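Student: I've got a protein chain open on my screen. Can you walk me through it?

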Amino acid sequence: MIYTVTFNPALDYVVRVEHFMPGAVNRTVQEHMFYGGKGINVSAVLANLGFENTALGFVAGFTGEEIERGVKALGFQSDFIHVKKGMSRINVKLKAEEETEINGMGPEITGEDVEALFRRLDCLEKGDVLVLSGSVPNCISDTIYEEIMERLSGREIRIVVDAAKDLLFNVLPYRPFLIKPNNHELGEMFGVTLSDDEQIIHYAKILQERGARNVLVSMAGDGAILAAENGEILKRKPPKGTVRNSVGAGDSMVAGFLAGYLRGGTYDEALRMGTAAGSASAFSDGLADGAVIMELYQQI
């Protein structure tokens, strides 16, 4: 079974205004509601590719109830912890001449809530996959990724981590199966600007030396590079298409990579499917469905 963790899932309310005027009444010309969170994105794309999975995390209030209802409609299961204080956040994304975002706080997650998540994770079995992705709310210890990985250490669970800088650095001693920085994040981790493939490969190998089994570096329109644990360095270029949406493309790549690996068992297959899934979402208004992903897969 595949499990994803989203610590602070959200309802993303995306609106478009033709000419936004601060301090005045503005009327929308388009409105969309999405179920947000990096782990939820991974779960949705996995479901679109035919993989059963369960989303974990924390929800609260009527917005949390809607997130639970929504992910079920997206085709995957959830086993969220119900938090007593606050409500799951609503993120407002305003698209006009410029894009503006207002992100909610989310509920107050207690130590008791975290322990409840640990108990769920204790049920994972040998061969399961766990995806940890996204930022950590202020009310949770910033060592939560490490605590989870230490707790599951030695149980042969493949753990994927998609997070920024220190969160990523700190989990390397626990030998994550996969980490996925983009090229800009990889450069920021080492305080450098990466300008070519050789530099990206160099720093990806450093992350492997520090513990990561596989390092997948997404590069937007330039595709992706994989430093695989078997010593292979693989690169795939994306198919041709018009980018309409960057939100969720990286999460889609993670989902596609896992789907390709679990189906084909090779890293080349994993990278090919990951590149197709990331591109499919970038070329769509939302997260891409399985048919679009497989169509692009044939072009790579």
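Tutor: Of the contacts in the chain between residues at least 6 apart in sequence, 63% join residues at least 24 apart; contact means heavy atoms within 4.5 Å. Keep in mind that this is a predicted model, where local features need pLDDT of at least 70, side-chain atom pairs count only at pLDDT 80 or more, and totals for chains, interfaces and linings use all residues. Residues are numbered from 1 along each chain as its sequence is written, and side-chain values use heavy atoms, with hydrogens and water left out.

Student: What share of the 300 residues is buried?

Tutor: Buried means under 20% relative accessible area, with a 1.4 Å probe and protein chains only. By that cut-off, the buried share of the chain's 300 residues is 53%.

Student: How are the rings of Phe7 and Phe58 arranged?

Tutor: Rings of Phe, Tyr and Trp (its six-membered ring) pair if their centres lie within 6.5 Å; planes under 30 degrees apart count as stacked, over 60 as edge-to-face and the rest as tilted. Here the centres are 6.4 Å apart and the planes make 20 degrees, so by that definition the pair is stacked.

Student: How far apart in sequence are the parts that this pair ties together?

Tutor: Phe7 sits in the loop between β1 (2-6) and β2 (10-16), while Phe58 belongs to strand β4 (residues 53-59). Strands (E, at least two residues) are DSSP runs, numbered from the N terminus. Both Phe7 and Phe58 are buried. The pair therefore ties together parts whose separation in sequence is 51 residues.

Notes
Buried means under 20% relative accessible area, exposed over 50%, partly exposed in between (1.4 Å probe, protein chains only). Helices (H or I, at least four residues) and strands (E, at least two) are DSSP runs, numbered from the N terminus.
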